[in-house]
Amino acid sequence: MSKSVLAIGGHIGDMDLTAGPTLAKLVLEGASATIVALTYGERGHPRVSPEEYKVQKIAEGAAFAAGIGADFRVLDYSDGFLPDNDEAAMQVASIIRETTPDTIITHWKRSIHRDHEHAARIAERGRFLASLPIDHELPRHSVQRFLYAENWEDAEGFEPSLYVTIPDEGFELWAKAIQGQAFARGETYGFRYIDYYTALMTMRGCLAGQKRACAFADTSSPATVLAGP
Ligand SMILES: [Zn+2]
């Protein structure tokens, strides 16, 4: 499916949960994967200060990525205040030029979190800016495929159109790595993220005729790939 994939999330942990099993599978198949969080997600703990939780989140995000064989980056934006602007999109475009993914995975466009909606728009704009012939130290790069991950927080209007089979080995890598994140274990606001996404993979697997699957909305069109050197 993919040789190089870039997952772009609003907060550390978002793509780990929603795209993580697919990234683990692709890495097992020989692809390179990078997870970029646009904010730290440092305001997501009711009892730990943002300063302290930020340090924890960075360690958790790095450990998760290492656990599934992906690279990890986080941009220096503040949880809850991710701007939807060209500066952020240019930062993402530079990462796209550097990592040359054939596939981007990000949030669905409608969400209960503004940071998630902004992340989707920044990812789209970043993809466009990466493909433009503008003054940049790295050559332009067009990303063929743009996928939106399934996330209960980004459910409004989400219609899956692509099912990715998750083999046992990929699932187990993900299941072990995601245990390292406090919020996923339900220790912050109590939502049982790991149970939810594990059950979702089973449900989507039923629909796809597989043991487990992850669903994506794939709105990619060849018309959006710019031609030229
Ligand atoms: Zn989030």
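Visitor: Which side chain forms a polar contact of 2.7 Å with the side chain of tyrosine 40?

Guide: This is a predicted model, in which local features need pLDDT of at least 70, side-chain atom pairs count only at pLDDT 80 or more, and totals for chains, interfaces and linings use all residues. Residues are numbered from 1 along each chain as its sequence is written, and side-chain values use heavy atoms, with hydrogens and water left out. A polar contact is a pair of N or O atoms within 3.5 Å; within protein, one must be able to donate a hydrogen and the other to accept it, and residues adjacent in sequence count only if both atoms are side-chain atoms. The partner of tyrosine 40 at 2.7 Å is aspartate 76.

Visitor: Is tyrosine 40 buried or exposed?

Guide: Buried means under 20% relative accessible area and exposed over 50%, with partly exposed in between (1.4 Å probe, protein chains only). Because its relative accessibility is 9%, tyrosine 40 counts as buried.

Visitor: Which residues coordinate the zinc ion?

Guide: Donors are N, O and S atoms within 2.8 Å of the metal (3.2 Å for Na, K and Ca); water is not among the atoms, so sites may look incomplete. Along the chain, the donors of the zinc ion follow the spacing H-x2-D-x101-H. At 2.0 to 2.4 Å, the coordinating residues are His11, Asp14 and His116.

Visitor: Where do histidine 11 and histidine 116 lie?

Guide: Helices (H or I, at least four residues) and strands (E, at least two) are DSSP runs, numbered from the N terminus. The two histidines are 105 residues apart, and the pair links distant parts of the chain. Both histidine 11 and histidine 116 are buried. Histidine 11 lies in strand 1 (residues 4–11), and histidine 116 in helix 5 (residues 114–131).

Visitor: How many of the nine residues of helix 2 are buried?

Guide: Among the buried residues of helix 2 are Pro21, Leu23 and Leu26. Helix 2 (residues 20–28) is largely enclosed by the rest of the structure, because the number of its residues that are buried is seven.

Visitor: What is the phi of glycine 30?

Guide: Glycine 30 follows helix 2. Its phi is positive, near 105°.
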